[in-house]
Amino acid sequence: MPKAVIIDGRKIAEETQLDLKAEVDALAKKGITPGLATVLVGEDPASQVYVRMKQKACDRLGILSRGVRLPASIGQADLISEIETLNADPEIHGILVQLPLPKHLDAADVLQRVSPDKDVDGFHATNLGKLLSAKYWEDLPRFIPCTPAGVIRLIDSTGVEIAGKTAVVVGRSLIVGKPLAMLLLARQATVTICHSRTQDLGSETKRADILVVAAGVPRLITGEMIKPGAVAIDVGVNRLEEGLVGDIDFDSAKDIAGHLTPVPGGVGPMTITMLLANTVRSAQESAGA
Ligand code: NDP
């Protein structure tokens, strides 16, 4: 038996989705169906799987899911025009552009074309800017990026108080590491962000009461780099021949950490759930509900 409590992301996601289903049903009584558009450009197999998972989750909850599939050859202007059509569509409350986009497209520009009011991924500069300006949790924008939001839910599920704790985030991407560090700050943690140029990673991670790893490097963090009793959240998804593995070496971490997420079955299910939550919130707000 591992000493760590293994955080069951699937179960927490299911429970959160049950609550969301009740909110969707309440909206249905008012004649409102939340709508999510998923924009998929090209045939990338992993992206197709992710989009399908998101659409299935929408179907389960009664959220309208509109798949917009576009050829890999589409130009920047035509893609932006598709997004503008969705921006103006009253049936659509959330727009998700599945990344990565083909290399000839300017993804950063495309993300800025999604209306901030339908930006359920939380990647628009307006929403990221509000996240950066938020001193307290109450000041956060309507949409915060889904994976970091899911990570906070998982930490909260442990009952460990975030305020006042030493939190270390490994990774500084715009999708995970940076927004997550801002969320932890808004929850009053003392936050360190590590990256590929960090000098002595183990000495940083070992100080963490709350450690979140989003580096995309299989088993980067071993048990000896974790503070005994820490909450350790593994965002990494690495496809190896042996299967999916995280950025934390589960076997050596499970007897050191106090709480630990598995891969798969940890952060992944929460990411989709927070996307659904953002879509439902967007529908509620657009209806003044
Ligand atoms: P990026 O590649 O954009 O960022 C990785 C970050 O990790 C960078 O900041 C990089 O540093 C840092 N890094 C890389 N190697 C090291 C190292 N040896 N030591 C310390 N830091 C390092 O990845 P993402 O943030 O998009 O994703 C990270 C992981 O999370 C991936 O495995 C991805 O698949 C997974 N993921 C999972 C999701 C889920 O829902 N479960 C959702 C999103 C991502 P630098 O900036 O210096 O290059």
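**Close-up views of a predicted model**

**View 1. Residues around the largest cavity.** In this predicted model, the lining of the largest cavity is made up of Ile95, Leu96, Val97, Leu111, Val114, Asp119, Asp121 and Phe123. Sorted by class, this lining comprises 6 nonpolar and 2 charged residues, with no polar residue among them. Strand β4 gives the most to the lining, contributing 3 residues.

View 2. Rolling a probe the size of a water molecule over the atoms shows where empty space is left. The structure holds 1 cavity of 30 Å³ or more, and the space in the largest cavity comes to about 30 Å³.

**View 3. The open parallel sheet.** An open sheet is formed by 3 strands, which follow the order β3-β2-β4 and pair in parallel fashion. Its edge strands, each of which pairs on one side only, are β3, covering 64-70, and β4, covering 94-97. Direction ignored, neighbouring strands of this sheet are turned by 20° against each other on average.

**View 4. Helix α3 against the sheet.** Helix α3, which spans residues 76-87, packs on the sheet and touches β2, β3 and β4. The direction of helix α3 makes about 165° with that of β3.

**View 5. The pairing of β2 with β4.** Strands of a sheet pair through backbone hydrogen bonds, either parallel or antiparallel. Here strand β2, residues 35-41, runs parallel to β4 and is joined to β4 by 4 bridges. Within this pairing, leucine 36 has glycine 94 of β4 as its bridge partner.

Terms used:
Residues are numbered from 1 along each chain as its sequence is written. This is a predicted model: local features need pLDDT of at least 70, side-chain atom pairs count only at pLDDT 80 or more; totals for chains, interfaces and linings use all residues. Side-chain values use heavy atoms; hydrogens and water are left out. Two strands pair if DSSP finds at least two bridges between them. Helices (H or I, at least four residues) and strands (E, at least two) are DSSP runs, numbered from the N terminus. Axes are lines fitted to C-alpha atoms, for helices over the stretch in contact, and angles run from 0 to 180 degrees between N-to-C directions. Contact means heavy atoms within 4.5 Å. On a 1 Å grid over the protein atoms alone, a cavity is a set of points where a 1.4 Å probe fits but cannot get out, and a pocket is an open set with protein on both sides within 12 Å along at least five of seven lines; lining residues have an atom within 4 Å of a point. Grid points are joined across faces, edges and corners, and a volume is the space filled by probe spheres set on the points. Ala, Val, Leu, Ile, Met, Phe, Trp, Tyr, Cys and Pro count as nonpolar, Asp, Glu, Lys and Arg as charged, and the others, Gly among them, as polar.
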